[in-house]
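Student: Hi! Could we go through how the helices pack here, and then the aromatic rings?
Tutor: Happy to, let's take a look.

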Amino acid sequence: MLSRLRHPLSAVGLTTALTLPWVFVWATGNAHSLSDFQTVAVSGVAVLGASFMLAWAAETAEKDVPRAFALAVLAVLAVAPEYAVDALYAWTAGANVGTDAGLEAANLAVANMTGANRILIGLGWSGIALFTVYRTLSSEDPAVVREPGFLKSKVQLDRDIATEIAFLLAATAYAFFVPLGGGIGITDTIFLVGLYAIYIGIVIRGDVEDHEEQVGVPAYFQGLSKGPRIASVLLLFGYSGGMIYTAVHPFAEGLEHLGLSLGIPPFFMIQWIAPLASESPELIVVAYLVNKARSTAGFNALISSKLNQWTLLIGTLAVVYSIAAGSIGTLPFDEKQQAEIWITAAQSFFAIGVLTNFEISVREAVVLLVLFTSQVVAEFWVIQTMGEAQATELSILILYAYTALYLVLGGALFVLRRGELRAIFDRTAANARNALPGGSEAVEHAD
């Protein structure tokens with residue numbers, strides 16, 4: 001009996017059981033009959049179970065496809081709910097062009113998008129780095145280098161993420177110019193979506209690496225013959241993606257309603273609480289990988305998700321807006337959201353600077369976390385204690401101040417690490433040439 005409980009399929013059965021209450025509620029259309037707390041509980045447990053399935057699918061797939069591509073698929077599915085939430089606001093904006101309601105919805109779309117991107121770095125990258133180092137207190141992780149001195153321990157990253165870093169830097173550089181166009185337009189869509197398509201074209205043609213030795217569920221599925229193994233991966237991806245897509249939005253709405261009942265401003269909820277809920281599958285997956293001492297794969301997934309959101313998510317907004325409007329248009333936003341885009345780009349610029357040497361130290365993770373949380377707390381305090389007009393004006397000043405700080409810190413890192421940056425671009429160029437028909441250039445390590 002005990003051996004059966006330890007069988008990998010028992011773990012699959014347990015995670016499936018976590019999703020079944022939500023499947024029943026969703027299939028019977030009774031979600032509206034639940035209280036906010038019940039909705040958060042049932043959908044949240046379903047997201048937890050689905051996140052484990054998603055991680056197992058990505059790990060199993062590494063036997064048949066390049067790891068970068070498997071993690072890119074994981075990233076798309078994990079953040080799909082964020083696309084759905086943003087698309088809803090963009091659609092509302094397009095359907096109400098020229099009205100106050102339309103402009104408000106457009107601002108909410110941008111706020112939700114920038115909030116999600118900043119959470120992914122400010123809480124995701126920093127939090128997972130700190131968790132990775134903390135885990136080494138009780139277990140070994142070859143990616144962690146423990147060094148004497150205050151906050152000097154660090155997590156070493158896979159140098160194969162050079163391509164992701166280069167494309168993320170290109171998207172970040174472009175993002176600084178988006179506000180200058182008066183909104184997010186089709187030109188932005190073409191550039192950003194095209195950038196992501198080129199990235200996928202490169203990584204999908206990469207070699208299938210010697211994958212790490214797996215244990216548990218992924219090891220069981222990798223031991224199957226190719227047909228059943230691929231079918232298992234597709235089933236896990238499909239089921240977990242469906243659960244996440246249907247459950248995260250109610251989960252986020254339930255949290256929003258609970259927050260509003262506690263007096264948290266609606267705009268603040270939409271920018272921070274809703275994206276935090278929609279990012280939860282991604283963070284759960286990465287925490288799971290780190291807990292298995294696979295912090296390298298975990299960080300690869302986080303960086304892939306950031307690239308995904310910083311290209312496809314932004315590009316999607318103009319498309320949805322134009323479809324709803326009935327003609328090609330530009331999603332508008334006000335001065336506040338213009339500042340939000342610039343601080344989001346500046347945070348990304350600094351975070352990329354941190355990763356250019358393929359390491360993130362505890363000190364760097366703490367700086368990312370403190371900068372993110374202090375800005376959110378400062379803005380929340382302003383919103384809660386001042387009138388709307390004064391609060392908006394001061395909030396914009398706070399955003400510009402933090403933008404400048406991120407740019408100064410990031411610029412200093414890029415100057416100090418310019419040699420590493422050149423190596424990243426060289427490696428990316430070599431990978432791009434190898435992706436072309438007949439390409440077989442040896443790729444040197446980016447060091």
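Student: How far apart are the axes of α6 and helix α14, and at what angle do they pack?
Tutor: In this predicted model, the axes of α6 and α14 (residues 362–385) are 9 Å apart, and the angle is about 145°. The crossing is left-handed.

Student: Which residues in α6 and α14 meet?
Tutor: On the α6 side they include Arg118, Ile119, Ile121, Gly122 and Leu123, and among their counterparts in α14 are Val362, Ala365, Leu369 and Phe372.

Student: What about α6 and α13, how close do their axes come?
Tutor: Within 10 Å, with a crossing angle of roughly 20° between α6 (residues 100–135) and α13. That is why α6 counts as roughly parallel to α13. The crossing of α6 and α13 is left-handed.

Student: And which residues in α6 meet α13?
Tutor: Among them are Asn107, Val110, Thr114, Arg118 and Trp125 in α6, which meet a set in α13 that includes Gln337, Ile341, Thr344, Ser348 and Leu355.

Student: OK, switching to rings. How many aromatic pairs are there in the whole structure?
Tutor: The search finds 10. One of the pairs is Trp342 with Tyr400, which is tilted, at 6.4 Å centre to centre and 45° between the planes.

Student: Where do Trp342 and Tyr400 sit in the chain?
Tutor: Trp342 is in helix α13 (residues 335–355) and Tyr400 is in helix α15 (residues 388–416). They are 58 residues apart, so the pair links distant parts of the chain.

Student: Is Trp342 buried or exposed?
Tutor: Trp342 counts as buried because its relative accessibility is 18%, under the 20% cut-off. Tyr400 is partly exposed, at 29% relative accessible area.

Student: What about the rings of Phe350 and Tyr406, how are they arranged?
Tutor: Their centres are 6.1 Å apart and the planes are at 40°, so that pair is tilted. Phe350 is in helix α13 and Tyr406 in helix α15, 56 residues apart, and this pair also links distant parts of the chain.

Student: Are Phe350 and Tyr406 buried or exposed?
Tutor: Both Phe350 and Tyr406 are buried.

Student: Which residues do ring pairs link into a cluster?
Tutor: Phe167, Tyr196 and Tyr199.

Student: Last one: what sits over the ring of Trp310?
Tutor: The charged end of Lys306, 4.5 Å from the ring's centre.

Methods
Residues are numbered from 1 along each chain as its sequence is written. This is a predicted model: local features need pLDDT of at least 70, side-chain atom pairs count only at pLDDT 80 or more; totals for chains, interfaces and linings use all residues. Side-chain values use heavy atoms; hydrogens and water are left out. Rings of Phe, Tyr and Trp (its six-membered ring) pair if their centres lie within 6.5 Å; planes under 30 degrees apart count as stacked, over 60 as edge-to-face and the rest as tilted. Helices (H or I, at least four residues) and strands (E, at least two) are DSSP runs, numbered from the N terminus. Buried means under 20% relative accessible area, exposed over 50%, partly exposed in between (1.4 Å probe, protein chains only). A charge sits over a ring if NZ of Lys or CZ of Arg is within 6 Å of the ring centre and within 35 degrees of the ring normal. Axes are lines fitted to C-alpha atoms, for helices over the stretch in contact, and angles run from 0 to 180 degrees between N-to-C directions. Angles under 35 degrees count as roughly parallel, over 145 as roughly antiparallel, 65 to 115 as roughly perpendicular and the rest as oblique. A crossing is left-handed if the near helix is turned anticlockwise from the far one by less than a right angle, and right-handed if clockwise. Contact means heavy atoms within 4.5 Å.
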